[in-house]
Amino acid sequence: MKDRYLIALDLDGTLLKDDKTISTKTKKVLKQIQQDGHVVMISTGRPYRSSAMYYKELQLSSPIVNFNGAFVHHPQQPDWGRFHEPLNVSVVKDIVDTCSQFEVKNIIAEVIDDIYIQNHDEQLIDIFSIGNPNISTGDIRLSLKDNPTSMLIHADNGRMKAIRDYLSDVHTDVVEHRSWGVPWNVIEIVKHGINKAVGVQKVADYYQIPQDRIIAFGDEDNDLEMLQYAKYGVAMGNGIHLVKEVAKDTTLTNEEDGVAVYLEKFLL
């Protein structure tokens, strides 16, 4: 088709309602858009194992961006290749060493589907069990052998800024860090230079869709680069202030079918 668009969708707080479901209206609009020849893709901080159900529910046939761009692959085409840019394991162990002074609640490292949890926590284990990954608990400095795809630091809200300041001061050339909103106070770490925009660009290049025909939706600070990269970077009505500042447009909230409403007007 002459003007095929690429639509990149964040999951939590964007495509998904607060109860982690996709509304009937949104599914209907996205199905019509795909039938019209446009490409719909997911771009999320989640691993594939906890985003696969939404990929299948939307009947997508595109590559997917996981771990905020650190892992990109095509679930239906193994020969498409795998883009995997992990952290250096030595850097992760240095961060674990330093985190003891911040009295963090827990630290998690993920190597695709292998999960390493510093302190045994049944609630965390239950949350991370989606997709049946391999989970081990204990000192990450001893158990982690491979370069991890991403790292999570769970800390009290009052310590978040100090930890992020440390990461910016000491590891600014080797890591990127983001924070999750409520209810979890979590700092998410990936390799320096990696973000959702990197993954979306790889998919756009594959389909030969130019930047000026990319529409991206997001609500949190891990969506900033993706919204800046896309010609049409759209902030959700429930998005944080910074996201709305960098976005080119704003739509309704995730509870009000913001993605569907915007795409109906733009493409249908």
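How are α2 and α11 oriented to each other? In this predicted model, the axes of helix α2 (residues 24-35) and helix α11 (residues 258-267) come within 9 Å and cross at roughly 30 degrees. Angles under 35 degrees count as roughly parallel, and α2 and α11 are therefore roughly parallel to each other. The crossing in which α2 passes α11 is left-handed.

**Where the two helices meet**

On the α2 side, the residues in contact are Lys25, Thr26, Val29, Leu30 and Ile33. Their partners in α11 are Ala260, Val261, Leu263, Glu264 and Leu267. Sorted by class, this contact has 7 nonpolar, 1 polar and 2 charged residues.

Helix α11 has other neighbours too. It is largely enclosed by the rest of the structure, because 7 of its 10 residues are buried. These are Gly258, Val259, Ala260, Val261, Tyr262, Leu263 and Leu267. They pack against β1, α1 (11-15), α2, β12, β13 (232-235) and β14 (249-250).

**The nonpolar cores**

In soluble globular proteins, nonpolar side chains tend to be buried together. Here, the largest nonpolar core has 29 residues. Leu6, Met41, Val200 and Ile214 are the ones with the most contacts inside it. At least two residues of this core come from each of β1 (6-9), β2 (39-42), β4 (71-73), α8 (196-207), β12 (214-218) and α9 (224-229). Helix α8 gives the most to this core, with 5 residues.

Leaving aside residues up to four places away in sequence, Leu6 touches Val39, Met41, Val200, Val203, Ala204, Ile209, Arg213, Ile214 and Ile215. Apart from this core lies another, of 26 residues, and Leu16, Ile22, Val29 and Ile64 are among them.

**Another helix with buried residues**

Now turn to helix α4 (residues 89-99). Its buried residues are Val89, Val91, Val92, Ile95, Val96, Thr98 and Cys99. What covers them includes the strands β6 (106-111), β9 (150-154), β10 (175-179) and β11 (186-191), along with the helices α6 (140-143) and α7 (160-170).

The table gives the relative accessibility of each one.

| Residue | Relative accessibility | Class |
|---|---|---|
| Ser43 | 0% | buried |
| Asp257 | 19% | buried |
| Ser129 | 28% | partly exposed |
| Lys20 | 39% | partly exposed |

Ser43 sits in the loop between β2 and α3 (52-57). Not counting residues up to four places away in sequence, Ser43 touches Leu9, Asp10, Leu11, Val65, Lys196, Val200 and Met226. Among these neighbours is Val200, which is also one of the residues with the most contacts inside the largest nonpolar core.

Ser129 belongs to the loop between α5 (122-128) and β8 (134-137). From C-alpha to C-alpha, Ser129 and Ile115 are 9.3 Å apart in space, and 14 residues separate them in sequence.

Most residues other than glycine have a negative phi. Lys20, in the loop between α1 and α2, has a positive phi of about 70 degrees although it is not a glycine. Asp257, in the loop between β14 and α11, has a positive phi of about 60 degrees and is not a glycine either.

Note on methods:
Residues numbered from 1 in each chain as written. Predicted model: local features only at pLDDT ≥ 70, side-chain atom pairs only at ≥ 80, totals over all residues. Heavy atoms only, no water. Axes fitted to C-alpha atoms, helices over the stretch in contact; angles between N-to-C directions. Helix = DSSP H or I, 4+ residues; strand = E, 2+ residues; numbered from the N terminus. Parallel < 35°, antiparallel > 145°, perpendicular 65-115°, else oblique. Left-handed = near helix turned anticlockwise from the far one by under 90°. Contact = heavy atoms within 4.5 Å. Nonpolar A, V, L, I, M, F, W, Y, C, P; charged D, E, K, R; others polar. Core = buried A, V, L, I, M, F, W, Y, C linked by side-chain atoms within 4.5 Å. Buried < 20%, exposed > 50% of the residue type's maximum accessible area, 1.4 Å probe, protein only.
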